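Here's a quick tour for anyone meeting this structure for the first time. Have a look at it, and then we'll walk through it together.

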Amino acid sequence: MRQRLLTLILLAAAAALIAAVVLVPRLTRPAVLSGYVEGEALYLASPVSGAVASLKVQRGDRVAAGQALFTIDPAQVEGARGQAAAEVAAALAQAADARLGQRPAELAIYDANIAAAEARARDAQAVLNRVRPLVRQGIYAPARLDDAKANFDAARAQATAARRQREAAALGARQGQIRAADSRVAQAQAGLAAAEARMGDIAPVAPTAARVEDVFFQAGEWATANQPVLALLPDDRIKLRFFVPEQEIAAYSPGAVVRFSCDGCAAGLTAKITYLSPRPEFTPPVIYSREARDRLVYLVEARPSVRLNPGQPVDVVPLGAGR
């Protein structure tokens with residue numbers, strides 16, 4: 001009898017323990033939500049390879065927006081900029097030359113051709129004037145007059161053609177050639193602008209207030225193109241990451257403000273929610289089933305009102321607690 005009573009007592013205790021494990025998490029609200037601080041670093045590099053000419057910051061330094069960070073040896077980029085500037089000057093000269101037409105010495109050749117053609121036309125007209133009355137008198141055959149007229153017409157046409165050639169030479173290049181010259185100018189200017197932009201790329205500045213997280217190259221070391229020289233941790237890229245139970249996620253939305261605390265921090269800290277994960281996670285991992293819904297949590301990210309150190313644990317007050 002005593003053994004049966006002991007068995008019943010043990011069974012009742014086991015049932016009570018199972019009920020507590022299953023029901024208590026559903027009925028009680030956690031006092032705080034566990035989380036931590038995370039930071040997203042910015043890695044600054046140069047688009048060209050070169051030696052680090054100067055390093056103006058060190059690891060752990062605070063930098064303001066617009067503060068100079070480092071400089072890559074500018075010799076290579078300055079050479080490219082000089083070449084681009086020379087190409088712009090050459091393209092501008094070609095475009096101007098296309099509009100001016102030929103040089104005075106070349107135009108003088110056309111003037112000489114005009115004078116020669118007009119002289120031949122006058123000589124042909126003089127011959128025609130002498131032959132015409134002689135043909136009328138019967139001294140020359142009519143064919144002689146026809147030859148004189150043909151020579152005069154040819155000489156006059158040559159003089160007209162020489163004058164037209166002189167006018168065309170003074171006009172300059174055709175419109176299509178001028179447009180092509182202008183396009184070469186625009187292309188050269190774009191190359192110069194790109195070269196000048198590279199001058200700024202080899203001497204970057206801090207895009208925002210930040211802390212120097214790490215320095216990968218020192219002054220004098222060779223840094224290859226697009227390889228980070230240093231890493232910044234901007235103040236606006238530090239965030240809280242905490243997890244909200246599945247049954248409470250509806251109370252959270254971007255823009256909402258949560259309260260949190262951390263060891264060594266001032267009291268009354270807040271953070272604004274910036275992101276809610278659309279997918280739940282298991283913590284700890286269990287088989288996905290309806291019975292395990294209370295163990296589903298959602299990741300929430302929030303931007304704190306003060307600067308914190310990445311990796312620091314925080315306790316977030318659930319929304320609605322203490323209200």
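Predicted model: local features only at pLDDT ≥ 70, side-chain atom pairs only at ≥ 80, totals over all residues.

## The big picture

Residues are numbered from 1 along each chain as its sequence is written, and side-chain values use heavy atoms, with hydrogens and water left out.

Of the 323 residues, 29% count as buried (under 20% relative accessible area, with exposed over 50% and partly exposed in between; 1.4 Å probe, protein chains only). Take the contacts with a separation of 6 or more: 77% of them come from residues 24 or more positions apart. Contact here means heavy atoms within 4.5 Å.

## Strand β9 and its partners

Let's zoom in on β9, which covers residues 238-245 and has 7 of its 8 residues buried. Strand β1 (residues 33-39) runs antiparallel to β9, joined by 5 bridges; two strands pair if DSSP finds at least two bridges between them.

## The nonpolar cores

Which residues touch the most other members of the largest nonpolar core? They are L240, F242, Y252, V258 and F260, in a core of 23 residues. Such a core is a set of buried Ala, Val, Leu, Ile, Met, Phe, Trp, Tyr and Cys residues joined through side-chain atoms within 4.5 Å. The elements giving two or more residues to this core include β1, β9 and β12, and β9 gives the most, with 4 residues. Another core, of 21 residues, lies apart from it, with L55, A210, F217 and L230 among them.

Back to F242: leaving aside neighbours within four places in sequence, F242 is in contact with residues including L33, Y252, V258, Y298 and V316.

## A closer look at Y298

Y298 sits in strand β12. Is Y298 buried or exposed? Y298 counts as buried because its relative accessibility is 16%.

Beyond neighbours within four places in sequence, the contacts of Y298 include F242, F243, V244, I249 and P280. S277 is another of these contacts: Y298 and S277 are 21 residues apart in sequence, yet their C-alpha atoms are 6.0 Å apart in space.
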